[in-house]
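Work through the exercises below with the model open beside you. Try each task before you read its solution.

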Protein chains: 2
Amino acid sequence: MNPFADRNCVCELSEKEIIERICGNFGSSMPPPPFGAGDDCALIKKSLLRKNLYATSDAVIYGRHFDSSASPRRAGAKLMKRNISDIASMGASPFAALTSSIFSKNLSLEWLDEFCFGLASTAEEYGIKLIGGDLAGVEKDFFSMHLTLLGDSSTKPLLRSGAGVGDWIYVTGVLGRSFESGHHLDFQPRLREGIWLGKQKCVRACTDLSDGLGQDLRNIISSGEISAEIFADSVPLRVFTGGKASLSQALGDGEDYELLFAVRGNYMKFEKSFFAVFGYVPFRIGRIVNSKCGRPGEIYITYSGVKTLYNGGGFSHF
Amino acid sequence: MNPFADRNCVCELSEKEIIERICGNFGSSMPPPPFGAGDDCALIKKSLLRKNLYATSDAVIYGRHFDSSASPRRAGAKLMKRNISDIASMGASPFAALTSSIFSKNLSLEWLDEFCFGLASTAEEYGIKLIGGDLAGVEKDFFSMHLTLLGDSSTKPLLRSGAGVGDWIYVTGVLGRSFESGHHLDFQPRLREGIWLGKQKCVRACTDLSDGLGQDLRNIISSGEISAEIFADSVPLRVFTGGKASLSQALGDGEDYELLFAVRGNYMKFEKSFFAVFGYVPFRIGRIVNSKCGRPGEIYITYSGVKTLYNGGGFSHF
């Protein structure tokens, strides 16, 4: 049977719908999150271990996640870092990775070497061992590498779910125009922050920002009768040589790789503790609100006292 | 930097050389086998757990590992089974898998659904949970899915290394012409056998046959001053509608997905025990021999009392 078709094909679905379709097809073979798809990482066989074990998988593909303007070292580093960002958002520490690569025979050896150096030096920086993987060849001008990263923690998992009305919403850094500024290659995953946040009882939910604030925030408010209010003036916008992000770019662009999290209770006490460890204060950009006046899972933007509904989406990796 | 080049590119290397180059580039980030690449699976963080934990990764790509003559269900099942075969060869049991897929927007939804059903029903059959993964899009007429499979065992790992002079060499089934016969899609991974073999003290080494006997056997005899003698008349050749494999196909073709293992001591006692559990006797195809008369790591074929050196290779997945 030919896998490709002009009609009734993947082109008719959004990335989210494709993922939902695949997960639906997997049926009872796929457990609910956090044990199956639906959080930043999967939580594995909790009961067997004293520590919790986590797994996540993310790829870089030439022409999609980087192009020829990126040095191969930075592209290799990006592959490792975007997976670390997922482990970080669960409050865990990464320790081992498997790579699965597809490339064509006309891949430059010098380029491949440099990509591997970028991957390996980032692995070394974070104490991650590269433990194996797989390789397959295709026709021409193609390079992709998937990485499956394993992590563990002795704290309970920091999930996307768990936020409640009144919680404060934070991000760890500036947002928007990640691609134009080079941030999508040069970011530092917020691993230390994630591990620390995982130990704080007041932190109720966390995710990493890879699909854009407007989309990733929906994962935080998707369970329970909650919505979110974003304080427009408090959203930190990226400023870089040659540009500045707008609020809509901060909401809609992808690959920020900051942590987005919800904090219950006294925010001043939390910020003081955070500052004492990291030397900066995370950005308090909004609050979890009751959904009574609207539908659950909605995002409101408050600007100069006026509250509007945010209808935008985020960044599609597909 | 452009990843593709006309010269100094991957085309100049064999699959083995490409893998060696990548592992070399990973440097100290990649531990030696079985903790890093070099066995069927990687062995993870042994000390942390009462059980040993294993990880492996293998892909199927349309046009390389299957074509339009295969139903999508069989292709999906193949992806799961070829990973199970790796876990089996370590004497372990699989329990969780992550999928990483790249496909184009013109992928047929019906085809995708069927592929997922094949994958999920095989997962269910073997008690494996699909716990997450990743998805990325590319231009046209492309489908690949990588699977990372995790397994565990309470026995010590069954490694490729460990065989010694005098050990008997066995395979669990007939070999050769896997693609022509459809076996590469319809095989049953030797999971029960692998778990049982892992518990037998007399079994000294094991691997699965994915690159062809002539190549996979080299992994068994690559450490120590040992070589292997193959009894030509004892190698079981695949017979199927429309054909029969030759000895050279049994040695050189890939994707047999049988177990290849070495047994020390009384072979009759071993075969009796094996038969009592599985109802068939595995094929005793040769013996580990001393390398004194030749170089280590050589394969000799004995046919009608004449011993010749086997210089052939195996199947390249690249």
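**Exercise 1: the interface**

About 7700 Å² is buried between chain B and chain A, and carbon and sulfur atoms give 67% of that area. Buried area is the accessible area (1.4 Å probe) that two parts lose on being put together, summed over both. This is a predicted model: local features need pLDDT of at least 70, side-chain atom pairs count only at pLDDT 80 or more, and totals for chains, interfaces and linings use all residues. Residues are numbered from 1 along each chain as its sequence is written, chains are lettered from A in the order in which they are written, and side-chain values use heavy atoms, with hydrogens and water left out.

Task: find how many residues of each chain are in contact.

Solution. Contact means heavy atoms within 4.5 Å. By that test, 88 residues of chain B touch 88 residues of chain A.

**Exercise 2: salt bridges**

Task: count the salt bridges between chain B and chain A.

Solution. Look for a side-chain nitrogen of Lys or Arg within 4 Å of a carboxyl oxygen of Asp or Glu. The count is 2. A:Arg21 and B:Asp113 form a salt bridge through their side chains, at 2.6 Å, N to O.

Next, take the elements. Helices (H or I, at least four residues) and strands (E, at least two) are DSSP runs, numbered from the N terminus. H3(B) gives the largest share of the side of chain B that touches chain A, 11 residues.

Last, sort that side by class: 50 residues are nonpolar, 24 polar and 14 charged. Here Ala, Val, Leu, Ile, Met, Phe, Trp, Tyr, Cys and Pro count as nonpolar, Asp, Glu, Lys and Arg as charged, and the others, Gly among them, as polar.
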